[in-house]
Amino acid sequence: MSQSSAHPQGIAESDLLMERKSRFAELARLIPHTGSYDLLLDHEIEAGLFKALQLQTCIYISACLVTGGRVLSAEEIVERLSDRRVSLPNKTPNGLLLAKADMTLEFNLLHKCFARIMSGLGFDHLTDVWSLPMNVRVVSGQADPAILNRPYASSKAHSDTWAGEPADSVLLNVPILGDIGRTSLEWLEPPPALGESHLKTLSDFNDGEAIVRQSSKIDLTPKLGHIYFSDCALLHRTVRVNGGGCRVSIDLRIRMKTTPSYKAYVERLRGPSTLGSHYVPFQLWQRVGTETLMVFEETMEECRNKYRTPQASYGTGAPFKMLELNTDRAEVA
Ligand SMILES: [Fe+2]
């Protein structure tokens, strides 16, 4: 089957891209933002809400660092995360701080805090499913050559579809603390003539180099406390300036509502990939930390040796079970 005949109802590449931009424009209509880009949104979180989100992130990372209940400040966390002697057994080579049994409650509270911000934006009816668990990611200021050469290294420009994420996904990046000025991220726009032809799973981000060379960098400087919504048709990468410190960000993905024929097309593009995030409907996603708990069974001790060796896969979240909380409110006599 040729690539064009695989399109839903034989729609041309350029028309698919126009439809994608229209779907994204609906998000832009609802979410307050600055700047004007076709497939990228820059939303500044209200200051009080961001303060709460930053605090919950500090509480979660302090639990990962086993501080004995003390909550470290953002500055102390950056200092500890930059110290090579500090052991974080739950940190993957791609920098994910995976939730373990030891910090189940802290992770659920962080999710609850972020879910409140998302619910307040009121765009969930445009979405189909949301990734769970969301990623808490430490991006080191100093690149480790062994990690830079990994097939799915985030410092190589890429679309998340190249790592197996679905082609109807939008990535949310939220820089929370640390050196966003020098340990940053950037987005690139492929030439519109490519349409959606580049949204296929690759075994190495290097295989997309020809597309990266034709793409133009989007002029946007990320800041702490902003949410960057980027459609997966854009490319992105981690950028580092020499001497930069580490940064902590939250990232997750949402899948947009489309038609059944487009969903089938997305599955064909994705192929047999088993990579990619775990997605659930927003109604389930937004209950986490309030009516349900994500329960992580593996302990920090059990995973101590697991993430030391480089892994080929694109880092996705820790396995978990959902625990329904009894929210029946009994009358108190
Ligand atoms: Fe990515």
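The axes of helix α2 (residues 47–64) and helix α4 (residues 104–121) come within 9 Å of each other and cross at roughly 165°. Here axes are lines fitted to C-alpha atoms, for helices over the stretch in contact, and angles run from 0 to 180 degrees between N-to-C directions. The two helices α2 and α4 are therefore roughly antiparallel, a label for angles over 145 degrees, with those under 35 counting as roughly parallel, 65 to 115 as roughly perpendicular and the rest as oblique. The crossing of α2 past α4 is left-handed, in that the near helix is turned anticlockwise from the far one by less than a right angle.

The model described here is predicted: local features need pLDDT of at least 70, side-chain atom pairs count only at pLDDT 80 or more, and totals for chains, interfaces and linings use all residues. Residues are numbered from 1 along each chain as its sequence is written.

Which residues bring α2 and α4 together? From α2 come Leu49, Ala52, Leu53, Gln56, Thr57, Ile59, Tyr60 and Ala63, and they meet Glu106, Phe107, Leu109, Leu110, Cys113, Phe114 and Ile117 of α4; contact requires C-beta atoms, placed from the backbone, within 7 Å. This contact of α2 with α4 is made of 12 nonpolar residues, two polar and one charged (Ala, Val, Leu, Ile, Met, Phe, Trp, Tyr, Cys and Pro count as nonpolar, Asp, Glu, Lys and Arg as charged, and the others, Gly among them, as polar).

Now to the strands. An open sheet is formed by three strands in the order β6-β5-β8, with antiparallel pairing. Strands β6 and β8 are at the edges with a single partner strand each, so one side of each has no neighbour in the sheet. Strand β5 (residues 183–189) is joined to β8 (residues 235–240) by six bridges, and to β6 (residues 216–217) by two; strands pair if DSSP finds at least two bridges between them. Along β8, Thr183 has Arg240 as its bridge partner, while Leu185 stands opposite Thr238. Towards β6, Leu188 faces Lys217.

Two backbone details lie in loops. Leu132 and Pro133 are joined by a cis peptide bond, with omega about -10°, and Pro133 sits in the loop between β2 (127–131) and β3 (135–139). Val66, in the loop between α2 and α3 (74–82), has a positive phi near 50° although it is not glycine. Most residues other than glycine have a negative phi, and most peptide bonds are trans.

Overall, the protein chain holds eight helices and 12 strands, which are DSSP runs (helices H or I, at least four residues; strands E, at least two) numbered from the N terminus.

Key:
Contact = placed C-beta atoms within 7 Å.
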